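Visitor: Hello! I am new to this kind of picture and would like to learn how to read it. Could you walk me through it?

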Amino acid sequence: MTRSVCIVSMLSRSITRLFVLAVGAPLLGCASTGSTTVPPATPPGALVTAAAQPPLRWPVRTVPHVDLWLHAFALLSEDTAAVPLYRRGYRDSITVIKNSRNLLTGLDANREALVKGLARGNYLDAQFLPFGFANWEELQAAAEQFLQLSGDMRRAPTREAAMRMQGFAAIFSSTADREWLRLFLTGVQDEAVRFFLPEHQKQLRERASTITAVDSVWQQEYRTKFERFLNNTSQRQGDMVLSLPIGGEGRTGPGYTGRTMVAVTYPARPADAAQVLYVFAHEATGALVGPAVGDNTTPAEQRAGVASRYISSGQVQAGAMLLAKLAPELLPGYRQYYLAQAGRRADGDVRAAFDAAFGVPTIIRDALQKQIDIVLSGI
């Protein structure tokens, strides 16, 4: 088993220890400033800001500071997983843009040291930290305070401050860890100012029609189809976050609003709006996969990394099973999308190619199907 497969299996779990730590604090307020500003070209109503009281139970949103954080990790990560952790080709596309502008940011200049530290420290859990903050300023302030205290939560000025920093403390526990975080924060800040923020605003303006298309197809047709499953898996309230760095491997966890936050891909074209639903189905089933694999693999298989591989493939299969029940018209496109994410071609039988690419033992498939059926039956 490669380390990348381990990371994917970790990310595929929708509710984890880290998420609880990252958002354990009381709500951090509803300010939406700086990098969270909606570009002027975004149609009114397409983006529900944190300051609003949304009438919708699962509004479609963009959250720039989440994109910034994931963008930085995407540039540093060796993404060799079967289903890439980030949008396929994302890092290469960013490199092309920067090279065309002869641009080198602090994140680029320190890339070698950051990549080495990332491999040594397993900091990819930190990808979920921005979910617990309303904007970049809040996240940055909590991280810098954590560093000023040298990670000693006993020195926090208030209980609330300690809780805001707890997610950082869980990941960056040693001096070397905190030095990596310090270098990373400096690089991300420079990346934000000199490249990411203007480029992100440009991309959002260019994709404004896509968020409108996604919002329409989700709110008018598919949200109600998913509603029973979401309600019965304690995901009654949430935010669907369109994220530019994300591909088929979304991110899910409690957000700063107290609602579930699911980061999904942000397609370039309105015609590809269904891709958002594919990744959402993949993420919505995430909490079911780990127990199904754990209950049906041996300790030896778990030590050998076989279980981790089954978790990754199992979540892709679980998303397909859910769509087969809720929206079977999406199933062929779902299979094609994840085959493309895995770099696989399906010239003939798409279903056979899909099952070959994301194979799991029958006992695990049956366990997943049983759990989905139980959830949908309301038991």
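Visitor: What is the mean pLDDT of the chain?

Guide: Good place to begin, since this is a predicted model. The mean pLDDT of the chain is 85, and 85% of the residues reach 70 or more. Please take care with residues 1-54: pLDDT stays under 50 there, although the model has 128 contacts beyond four places in sequence for that stretch.

Visitor: How many aromatic pairs does a search of the whole structure find?

Guide: First the idea: two aromatic rings are described by how far apart their centres lie and by the angle of their planes. In this structure the search finds 22 such pairs. One of them joins W69 and W136, with 6.2 Å centre to centre and 50° between the planes, which makes the pair tilted.

Visitor: Which parts does the pair of W69 and W136 tie together?

Guide: W69 belongs to helix α3 (residues 64-76) and W136 to helix α7 (residues 136-148), so the pair links parts that are 67 residues apart in sequence.

Visitor: Is W69 buried or exposed?

Guide: Buried counts as under 20% relative accessible area. W69 has 0%, so W69 is buried. W136 is buried too, at 5% relative accessibility.

Visitor: Which residues form one aromatic cluster?

Guide: W69 and W136 take part, together with F73, Y123, F172, W180 and F184.

Visitor: Where does the charged end of K98 sit?

Guide: Look over the ring of F195: the charged end of K98 is 5.3 Å from the ring centre. For another example, find R251, which lies over the face of Y86 at 5.1 Å from the ring centre.

Note on methods
Residues numbered from 1 in each chain as written. Predicted model: local features only at pLDDT ≥ 70, side-chain atom pairs only at ≥ 80, totals over all residues. Heavy atoms only, no water. pLDDT = per-residue confidence, 0-100. Contact = heavy atoms within 4.5 Å. Phe/Tyr/Trp six-rings, centres within 6.5 Å; stacked < 30°, edge-to-face > 60°. Helix = DSSP H or I, 4+ residues; strand = E, 2+ residues; numbered from the N terminus. Buried < 20%, exposed > 50% of the residue type's maximum accessible area, 1.4 Å probe, protein only. Lys NZ or Arg CZ within 6 Å of the ring centre and 35° of its normal.
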